[in-house]
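Q: Could we go through this structure together? I would like to begin with how its strands pair.

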Amino acid sequence: MKKALILGIALSLALACKKDVEEKTKNAINEGGKAVEETADKVVDEVSAHFEDSRGCKLELSEDLKNKGIGTGKFYIEKDTVTKKHNKLVIYLINDKNYKGAINFKVADKEGVEIGRTTHTADTKTGYQDILFDNRTDIEPKSTISIY
């Protein structure tokens, strides 16, 4: 009888431990799945950033151009294939009032030092525009692009 009681207690403990192990394993798998998902999201973000890279830059549009119906949408900076410098701004320009005329672009680095300037002639269409700076201009991360 004593042996049966000891065997019963041992079997009960084994079943209890099995459930605990199963639960811990299930939690570890779930945590691993979350880590894999987060890593995959980061990889997708990094790859996307390679193709469309704003370099952490910000746009500042003048009130004068806003009053003339000019607005901005998405933008990114492209690298010149020859010089390997980031000197091309691809920007979605919005032209709500059919403004025609010059639009000036000035780039300043994160310390506020001017590093490039160019002029673009606006037409009446809204859409993506390529703004090309001098091939020696290299738009640095966190630069400010003033549009006036």
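Q: How do strand E1 and E7 run, and how many bridges join them?
A: In this predicted model, strand E1 (residues 58-61) and E7 run parallel and are joined by four bridges. Strands here are DSSP runs of at least two residues, marked E and numbered from the N terminus, and two strands pair if DSSP finds at least two bridges between them. Residues are numbered from 1 along each chain as its sequence is written.

Q: Which residue is the bridge partner of Leu59 in E7?
A: The partner of Leu59 is Ile145.

Q: Which other strand pairs with E7, and in what sense?
A: Strand E4 (residues 101-108) pairs with E7 in the antiparallel sense, over four bridges. Within that topic, Ala108 has Thr144 of E7 as its bridge partner.

Q: Which way do the residues of E7 point?
A: In strand E7 (residues 144-147), Thr144 and Ser146 point one way, whereas Ile145 and Ile147 point the other way. All of these are buried, where buried means under 20% relative accessible area, exposed means over 50%, and partly exposed lies in between (1.4 Å probe, protein chains only).

Q: New topic: what is the strand order in the open sheet?
A: The open sheet has three strands in the order E2-E3-E6, with antiparallel pairing. Its edge strands are strand E2 (70-79) and E6, each of which pairs on one side only. On average, neighbouring strands of this sheet are turned by 25° against each other, direction ignored; such angles lie between lines fitted to C-alpha atoms, on a scale from 0 to 180 degrees between N-to-C directions.

Q: How many bridges are there between E2 and E3?
A: E2 and E3 pair over eight bridges, in the antiparallel sense. One of the residues concerned is Ile77, whose bridge partner in E3 is Leu89.

Q: Is Asn87 buried or exposed?
A: Asn87, which has its place in strand E3, is buried, with a relative accessible area of 2%.

Q: What does Asn87 touch?
A: Leaving out residues up to four places away in sequence, Asn87 touches several residues, including Glu78, Asp80, Ile131, Leu132 and Phe133. Contact means heavy atoms within 4.5 Å.

Q: How many salt bridges does a search of the whole structure find?
A: The search finds eight salt bridges. A salt bridge is a side-chain nitrogen of Lys or Arg within 4 Å of a carboxyl oxygen of Asp or Glu.

Q: What does the salt bridge between Asp130 and Lys88 tie together?
A: The side chains of Asp130 and Lys88 meet at 3.6 Å, N to O. Asp130 lies in strand E6 (residues 127-132) and Lys88 in strand E3 (residues 86-95), so the pair ties together parts that are 42 residues apart in sequence. Asp130 is partly exposed at 47% relative accessible area, and Lys88 is partly exposed at 23%.

Q: Which residue forms a salt bridge with Asp134?
A: Asp134 forms one with Arg136, and the closest N and O atoms are 2.9 Å apart. Asp134 is partly exposed at 35% relative accessibility, whereas Arg136 is exposed at 63%. As for shared partners, salt bridges join Glu78, Lys88 and Asp130 into one network.

Q: Where does Arg117 lie?
A: Arg117 lies in strand E5 (residues 114-122) and counts as partly exposed at 48% relative accessibility. Leaving aside neighbours within four places in sequence, Arg117 is in contact with Phe105, Lys106, Phe133 and Tyr148.

Q: Which side chains make polar contacts with the side chain of Arg117?
A: One is the side chain of Glu114, at 2.8 Å, and another is the side chain of Tyr148, at 3.4 Å. A polar contact is a pair of N or O atoms within 3.5 Å; within protein, one must be able to donate a hydrogen and the other to accept it, and residues adjacent in sequence count only if both atoms are side-chain atoms.

Q: Finally, where does pLDDT stay under 50?
A: It stays under 50 over residues 47-51, for which the model has one contact beyond four places in sequence. The protein averages a pLDDT of 84, and 71% of the residues score at least 70; pLDDT is the predictor's confidence in each residue, from 0 to 100. Where pLDDT is low, the predicted coordinates should not be read in detail.

Note on methods. Predicted model: local features only at pLDDT ≥ 70, side-chain atom pairs only at ≥ 80, totals over all residues. Heavy atoms only, no water.
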